[in-house]
Amino acid sequence: MATRKRLANRFKAEYVKGTKRQKGEVLDRLVAVGMGRSTARRLLSQAVKVREEPGAGRGGKPTYGEDALFVFNVR
């Protein structure tokens, strides 16, 4: 398994920057050395994952005027 991870790490930069066709070629090279295609894809994807910071969501809180607050009885 360590050898597979080393191979995946070796090709990860090429896999990330590549187009769909280039990614397929990288997978073909890993399959040629005896790794399964789904295993290669999974290892390359795991090698590249970057944790994203949680965003602000879909926007801020709605802003209501004095009239709307009076109607909503939020005051």
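## A first stop: leucine 7

Leucine 7 touches Leu30, Val33 and Met35, leaving aside residues up to four places away in sequence. Leucine 7 itself sits in helix α1, which covers residues 2-17. Is this leucine buried, partly exposed or exposed? Leucine 7 counts as partly exposed, because its relative accessibility is 22% and the buried class takes in values under 20%.

Along the chain, leucine 7 and leucine 44 are 37 residues apart, and their C-alpha atoms are separated by 9.1 Å.

## The overall picture

Before going further, please keep in mind that this is a predicted model. The average pLDDT of the chain is 81, and 80% of the residues score at least 70. Which helix has the highest mean pLDDT, and which the lowest? Among the elements of the chain, helix α2 (residues 20-32) has the highest, at 93, while helix α4 (residues 66-72) has the lowest, at 79.

The chain contains four helices and zero strands. Read from the N terminus on, its elements follow the order α-α-α-α. Of its 75 residues, 17% count as buried. Looking at contacts with a separation of 6 or more, 40% of them join residues 24 or more positions apart.

## Two salt bridges

Here is a feature to look for among the charged side chains. Side chains of opposite charge can pair when their charged atoms come close. How many salt bridges does the count come to? The count comes to two.

One of them joins glutamate 14 and arginine 29, whose closest N and O atoms are 2.5 Å apart. Glutamate 14 is partly exposed, with a relative accessible area of 38%. Arginine 29 is also classed as partly exposed, at 36% relative accessibility.

In another salt bridge, the side chain of arginine 37 meets that of aspartate 28, with an N to O distance of 2.7 Å. Arginine 37 counts as partly exposed, having a relative accessibility of 41%.

## Valine 31 and its contacts

Arginine 37 turns up again when we look at valine 31. Not counting residues up to four places away in sequence, valine 31 touches Gly36 and Arg37. The place of valine 31 is in helix α2. With 35% relative accessibility, valine 31 counts as partly exposed.

Which residues make the nonpolar surface patch of about 480 Å²? The patch is made by Tyr64, Phe70, Val71 and Phe72. Phenylalanine 72, one of these residues, lies in helix α4. Why does phenylalanine 72 count as partly exposed? Its relative accessibility is 47%, and the partly exposed class runs between the buried limit of 20% and the exposed limit of 50%. Helix α4, where phenylalanine 72 is found, is also the element with the lowest mean pLDDT, 79.

Terms used:
Residues numbered from 1 in each chain as written. Heavy atoms only, no water. pLDDT = per-residue confidence, 0-100. Helix = DSSP H or I, 4+ residues; strand = E, 2+ residues; numbered from the N terminus. Buried < 20%, exposed > 50% of the residue type's maximum accessible area, 1.4 Å probe, protein only. Contact = heavy atoms within 4.5 Å. Patch = residues over 30% accessible without salt bridge, like charges linked within 9 Å, V, L, I, M, F, W, Y side chains within 5 Å. Areas by Shrake-Rupley, 256 points an atom, 1.4 Å probe, with all protein chains shown as cover. Salt bridge = Lys/Arg side-chain N within 4 Å of Asp/Glu carboxyl O.
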